[in-house]
Amino acid sequence: MKQKIYYFAIAFLLTCNIFSQNTYVFLGSYNRDKTAEAIQVFQLDTLSGKLTKFTSVKNIINPSYLTISPNGKYVYACTDTKTPNAGSVSSFEFNPQNKTLTFLNSQRSGGENPVYVSVHKSGKWLANANYTEGSVSVFPLLENGQIDTIAQNFQYTDGSTNKERQTRSHVHSAVFSPQFDYLFLPDLGADKIRSYAFDENQKKPLVETKNPFTKTDLEAGPRHFTFHPNQKFGYCIEEMAGQISVYNYENGVLNKIQRIATHPDKIKDGFESSDIHISPDGKFLYATNRGKENNIAIFSIDVNGFLKNIGYQSTLGKHPRIFAIDESGNFLVASNVLTGNVIVFKRNPKTGLLKKTGKEIKMENVSCVQIKRI
C-alpha cells in the first residue's frame, strides 16, 4: 500500500512539473529599432512563478500589443504602432518544440496607430482597433496562420467634450463577447462603447445592430473591456476618468449598474487607467493605473456583479500598460513601459491580494504581456 502511494505521489509530481513548463509568457514592446528583440517569449513555471527565456523575434517595429490564437500556434501583433503614416498587423508561428517564433506576414491595419488585436474563437478572424484614426478592421485568417486581405474597415469621426483628447474617435480595443457573436469597441475619443453583431460565416462578418453603441459618462475615455466568466457582466475601464463602469450583459446589450473609482480618494486628477482583467474563478477583478499611481487596483466581485475595492499593489515600475493572469489563476504578470521591467506576482486565491515572486525581467519599453498554456 505504501509503495502504491509512493508511486502515485511521484507520478503526480511529474505531471505537475510537465504542466508547469507548458505555459508561456509573450512580451511585446515599443522597440523602435529592428535590431532589438521586439517580441520575447518566456516559460512560466506555474509552481514557482519563475520566468525562463525561451525565444525572441527581431526585424519588426513596435509590436505594442499581442494576442495568441486559441490553439496556441500563432501570435498576432499590432505593428508599426505610433509610427507616422503607418500601421500594420502581423502574424507569427510559435513552435515550442523548435523554440522558434517565426514571422509569417503583415497587412496594413486600416488606420494609423493600431493598439489592440483579438482573435475569434474559430481561429478564422482577426479584429483590430486603430487608435489615432478611430477605426476597426477585420481580417480573415488563413489555415497556415497568415493574415488575409482586409474584409471590413469602419472609420468614425465623432468625438466628445474634452478639447485636448476627444476631438475625434479613438478606438482603443476590440473585444469579442463571451459567445463570440458580438464585437465591442471602447472608443476613448467619443465616450462610447461601439458594438456590432459578428457573423463568422459571412465574408463581411461585422453586422450593424439597432443599438450601435452604449454611451459612457462624458470625458470617461473608455479604454479596455472584459467580461465576467459567468457571461452576465461586462467591465469597462475608463482611462481619462479613472473609473470602472459595470454592466449587465445579455444578447449584445449593455446596461450600466455601477461606476467605481480605480484609485484612492486622495488622487483627484491626472488619471491614466489602462488595463482590466478578472481572475479565472470570477471572484476578483484587477485594473492598472499609470501616471501618479503605477499600481494595480484590486476588487472583489459580488454575485450581482458589483465591485468592492479591497486594496492596491504597486507594479514596482512606471507605466503599467498591460498585464495578464495565467490560466491557473495563480500568477499575475505586469509590464512597466517606462522602467522596462516585468514583474510576476503570486495571487492569493482566497483574498485576491498579490505578492511579488521570483526575479523580474528587464525588457526595454515592454508594453504588453500575454500568457498561454499550450
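Reply: Let us start with the rings. This is a predicted model, and the structure holds 16 aromatic pairs.

Me: How is a pair of aromatic rings described?

Reply: Two values do it: the distance of the centres and the angle of the planes. Take Phe92 and Phe103. Their centres are 5.7 Å apart, with 70 degrees between the planes, and the pair is edge-to-face.

Me: Which strands hold Phe92 and Phe103, and what does the pair tie together?

Reply: Phe92 belongs to strand 6 (residues 88–95) and Phe103 to strand 7 (residues 100–108), so the pair ties together parts 11 residues apart in sequence.

Me: Is Phe92 buried or exposed? And how does Phe103 count?

Reply: Phe92 has a relative accessible area of 0%, so it is buried. Phe103 is partly exposed, because its relative accessibility is 42%. The range for that class lies between 20% and 50%.

Me: What about Phe227 and Tyr249: how do their rings meet?

Reply: The centres of Phe227 and Tyr249 lie 4.9 Å apart and the planes stand at 65 degrees, so this pair is edge-to-face. The cut-off is an angle over 60 degrees. Phe227 sits in strand 17 (residues 222–227), Tyr249 in strand 19 (residues 243–250); therefore the pair ties together parts that are 22 residues apart in sequence. Phe227 is buried at 11% relative accessible area. Tyr249 is buried too, with 11% relative accessibility.

Me: Which residues do ring pairs link into a cluster?

Reply: The cluster consists of Phe184, Phe225, Phe227, Tyr247 and Tyr249.

Me: Where do charged side chains sit over rings?

Reply: Look at Arg194. Its charged end lies over the ring of Tyr156, 4.0 Å from the centre. Lys192 is another case: it lies over the face of Phe213, 4.1 Å from the ring centre.

Me: Now sheets. How do strands of a sheet pair?

Reply: They pair through backbone hydrogen bonds, either parallel or antiparallel. Here, 4 strands make an open sheet with antiparallel pairing, in the order 3-2-1-30. Its edge strands are strand 3 (51–57) and strand 30 (366–373), each pairing on one side only. Direction ignored, neighbouring strands of this sheet are turned by 25 degrees against each other on average.

Me: How many bridges join strand 1 and strand 2?

Reply: Strand 1 (residues 23–29) and strand 2 (residues 39–44) pair over 4 bridges, in the antiparallel sense.

Conventions. Residues are numbered from 1 along each chain as its sequence is written. This is a predicted model: local features need pLDDT of at least 70, side-chain atom pairs count only at pLDDT 80 or more; totals for chains, interfaces and linings use all residues. Side-chain values use heavy atoms; hydrogens and water are left out. Two strands pair if DSSP finds at least two bridges between them. Helices (H or I, at least four residues) and strands (E, at least two) are DSSP runs, numbered from the N terminus. Axes are lines fitted to C-alpha atoms, for helices over the stretch in contact, and angles run from 0 to 180 degrees between N-to-C directions. Rings of Phe, Tyr and Trp (its six-membered ring) pair if their centres lie within 6.5 Å; planes under 30 degrees apart count as stacked, over 60 as edge-to-face and the rest as tilted. Buried means under 20% relative accessible area, exposed over 50%, partly exposed in between (1.4 Å probe, protein chains only). A charge sits over a ring if NZ of Lys or CZ of Arg is within 6 Å of the ring centre and within 35 degrees of the ring normal.
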